[in-house]
Amino acid sequence: GVEANKSLASLGAVAIKRLEDGSILERGVVASLHADANLSGGEGSDSAAAAAALAGADLALAYSTAFPCEDGLRLPQLSAALSAVMRA
C-alpha cells in the first residue's frame, strides 16, 4: 500500500509483519509505504519506492477523501501517476 499519512503507513507495516510472522502472507509480497500516490514527493515520502510498488501492481484502490479534486469526481494527478507507472 502507498499511504500519504506516515502513521497509517506504519500501522500497515505492523499489520503486514504480523501476518507474515503468522505465515498468513508470504514475506515480501506486500508492503506499506509512506509516500504521495500522485508521486509528487513530499516531506518524508519515498516517491521512488511508491512508483516501483505501483509499477508492480495489478490493481489500485484509493479512498476518495485522500485526493482533492476540483469537481469532486475526477483525479487527474492520480490518473496521470498511475498511467505512467502501472503495467498495461
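I took contact to mean heavy atoms within 4.5 Å. With that cut-off, and leaving aside neighbours within four places in sequence, I found Ala-4 in contact with His-34 and Ala-35. I noted that the model is predicted, so that local features need pLDDT of at least 70 and side-chain atom pairs count only at pLDDT 80 or more, while totals for chains, interfaces and linings use all residues. Residues are numbered from 1 along each chain as its sequence is written, and side-chain values use heavy atoms, with hydrogens and water left out.

Entry on the fold. I looked up helices and strands as DSSP runs numbered from the N terminus (helices H or I, at least four residues; strands E, at least two). The protein has 3 helices and 2 strands, and along the sequence they follow the pattern β-α-β-α-α. Of the contacts between residues at least 6 apart in sequence, 54% join residues at least 24 apart.

Entry on burial. I called a residue buried under 20% relative accessible area, exposed over 50%, and partly exposed in between (1.4 Å probe, protein chains only). Buried residues make up 18% of the 88 residues.

Val-2 lies in strand S1 and counts as partly exposed because its relative accessibility is 25%. Beyond its neighbours within four places in sequence, Val-2 is in contact with Leu-33, Ala-35, Asp-36, Ala-37, Ala-50 and Leu-54. I also noted that Val-2 and Ala-62, 60 residues apart in sequence, are 9.5 Å apart in space, C-alpha to C-alpha. Ala-4, by its place in the loop between S1 and H1, is exposed, with a relative accessible area of 57%.

Ser-23 lies in the loop between helix H1 (6-21) and strand S2 (33-34), where it has a positive phi of about 60° although it is not a glycine. Most residues other than glycine have a negative phi. Ser-23 counts as exposed, at 65% relative accessibility.

Entry on H3. The buried residues of H3 are Leu-78, Ala-81 and Leu-82. They lie on the same side of H3 because they cover an arc of only 95° around the axis, the arc being that of the directions from the helix axis to the C-beta atoms. On the other side of H3, Pro-76, Ser-83 and Ala-84 are exposed. What covers the buried residues of H3 includes H2.

Entry on the largest pocket. I used a 1 Å grid over the protein atoms alone, on which a pocket is an open set of points where a 1.4 Å probe fits, with protein on both sides within 12 Å along at least five of seven lines, and lining residues have an atom within 4 Å of a point. The lining comprises 27 residues, of which Gly-1, Val-2, Glu-3, Leu-54 and Leu-61 lie nearest the centre. Strand S1 (2-3), helix H2 (47-55) and helix H3 (76-85) are the elements that give two or more residues to this lining.
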